[in-house]
Amino acid sequence: MIKYPHQVIARALIYGCLIMRQMSQKKKQRIFAKAIEPEYDRVFNFIYSRLNHGPELAQDVTQDVMELAWKQLDQLRNMDSARAWLMQITMNEIRKHYRAQGTIKRGAFQEVSYDAAEFADLQQLDKVEADVLDVIIQKEQGQLLMAALNRVREPYQTILDLRLIQELKFAEIAEIVEVSEATARVYYGRGLKMLRKEYETLTSEGREQDA
């Protein structure tokens with residue numbers, strides 16, 4: 001059996017570690033390019049809508065989110081939940097901004113109660129969602145939808161954004177905004193009604209201007 005000097009063994013171990021690190025770095029770059037980078041515009045638009053302080057601040061916070069996502073990428077366990085994971089980081093950075101400014105977050109989320117009628121609506125939330133969106137989609141009013149969404153007050157606007165624009169599940173939304181899933185559904189149900197009302201107001205205003 002050949003005995004190698006300790007220096008040779010040490011160099012081999014170091015070389016092996018370097019190779020593994022390079023492979024890990026390349027894998028990390030592939031994951032980031034596939035799952036995180038394409039979400040940049042979504043993250044920017046979400047932050048811009050929440051902070052309302054101009055595109056420069058939104059770009060700065062978005063860059064912070066992307067840098068954190070890169071540093072914490074090893075915590076992403078499921079590629080299918082990459083968007084929800086990234087939006088969690090995004091919400092944390094938004095909260096961080098408000099804390100740094102010494103301001104209270106607009107429309108802070110909290111657990112809510114609901115009556116029997118609203119509970120019945122929650123049981124058919126998919127139908128309520130379809131009723132609202134069908135009216136808008138059938139008329140191909142995508143821009144008007146976004147305008148109506150921007151007029152919905154917080155925290156309902158955030159819930160609608162996470163559900164309709166980011167296409168997240170209620171369990172994911174609940175985790176992001178730090179409430180129970182039932183409360184997330186309540187906010188969403190109420191938000192849908194506000195969205196439809198704002199949409200109808202905008203279309204009515206448009207007809208009056210055309211008249």
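**Entry 1**

I started at Pro155, which sits in the loop between α7 (142-151) and α8. Helices here are DSSP runs of H or I with at least four residues, numbered from the N terminus. I was looking at a predicted model, where local features need pLDDT of at least 70, side-chain atom pairs count only at pLDDT 80 or more, and totals for chains, interfaces and linings use all residues. Residues are numbered from 1 along each chain as its sequence is written, and side-chain values use heavy atoms, with hydrogens and water left out.

I checked the peptide bond between Glu154 and Pro155 and found it cis, with omega at about 5°. A reminder to myself: most peptide bonds are trans, and most residues other than glycine have a negative phi.

**Entry 1: α8 and what follows**

Next I asked how many of the 10 residues of α8 (residues 156-165) are buried. Seven are, so the helix is largely enclosed by the rest of the structure. Buried means under 20% relative accessible area, exposed over 50%, and partly exposed in between, with a 1.4 Å probe and protein chains only. The buried set is Tyr156, Gln157, Thr158, Ile159, Leu160, Asp161 and Leu162.

Glu167 counts as exposed, at 57% relative accessibility.

I found another such case at Glu178, with a positive phi of about 65° although it is not a glycine. Glu178 lies in the loop between α9 and α10 (181-210) and counts as exposed at 55% relative accessibility.

I then turned to α4 (residues 82-101), which has 20 residues and reaches 29 Å from first C-alpha to last, close to the 28 Å expected. The expected span is 1.5 Å times one less than the number of residues. Of its 20 residues, 14 are buried. Just past the helix, Gly102 has a positive phi of about 70°.

How do α2 (residues 40-51) and α4 cross, and within what distance do their axes come? The axes come within 11 Å and cross at roughly 30°. That makes α2 roughly parallel to α4. Axes are lines fitted to C-alpha atoms, for helices over the stretch in contact, with angles from 0 to 180 degrees between N-to-C directions; under 35 degrees counts as roughly parallel, over 145 as roughly antiparallel, 65 to 115 as roughly perpendicular and the rest as oblique.

I listed the contact residues (heavy atoms within 4.5 Å): α2 gives Arg42, Val43, Phe46, Ile47, Arg50 and Leu51, and α4 gives Arg83, Leu86, Met87, Thr90, Met91, Ile94, His97 and Tyr98.

Key: Helices (H or I, at least four residues) and strands (E, at least two) are DSSP runs, numbered from the N terminus.
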